[in-house]
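Here are my notes on the model, for you to read alongside the coordinates. Have a look and see what you make of the points below.

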Amino acid sequence: MLIHGLKILEEVTMPKSVLLDTSFFLRFLNDQDPLFKNADQYFRYFIDNEINLMISTISIAEYCVGGDIHELPLRNLQIVPFNLEHAKRTGEFARIVFQNKAKLKLRERNIIPNDTKLFAQADIETSVDYYLSSDSESMKIYQLLKERANPRFQFIDLNIPYHQTFGVINF
């Protein structure tokens, strides 16, 4: 828009997004899971508040190890392919994690490179404000990265109900 020869930039706000990890879908798609209710309520909260739901091709691959792609609610999800920028940031994150492996004290688990890949995607994709997971070991990796690399997204723990995370009254 031009006014008196000056260009006025209209503020464009990107819609908020959440990158949902594999553990979210394992709970959301199993109504017998203890975290199903939390997963369902987060899903509804994001839809109701027009927060885009995203899934990485990495999470799709992980899910398909034990499930079928047709079980995923793909019509509600934006698929995020892993790309070159994600790969570069993954290298930075993985270096930090491997250098601090002893500090992490992960329970009976090797560092999963997919954690750093998913975190890199969440960090690079500018619309992503949140990363939702029930994986407490992944949270440890996030905390380390928060100290050393300051990723721009917020880790949301699925074990905490949505109304506590977002400070809303749960009716």
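1. Helix α7 runs over residues 136–148, and its 13 residues should span 18 Å at 1.5 Å a residue; the end C-alpha atoms sit 19 Å apart, which agrees. (Helices are DSSP runs of H or I with at least four residues, strands of E with at least two, numbered from the N terminus; the expected span is 1.5 Å times one less than the number of residues.)

2. A word on the basis: this is a predicted model, where local features need pLDDT of at least 70 and side-chain atom pairs count only at pLDDT 80 or more, while totals for chains, interfaces and linings use all residues. Residues are numbered from 1 along each chain as its sequence is written, and side-chain values use heavy atoms, with hydrogens and water left out.

3. Now the aromatics: the whole structure has 19 aromatic pairs (ring centres within 6.5 Å; planes under 30 degrees apart are stacked, over 60 edge-to-face, the rest tilted). Phe24 and Phe28 make a stacked one, 5.4 Å centre to centre with 15 degrees between the planes. Both sit in helix α1 (residues 22–28), four residues apart.

Notes:
Rings of Phe, Tyr and Trp (its six-membered ring) pair if their centres lie within 6.5 Å; planes under 30 degrees apart count as stacked, over 60 as edge-to-face and the rest as tilted.
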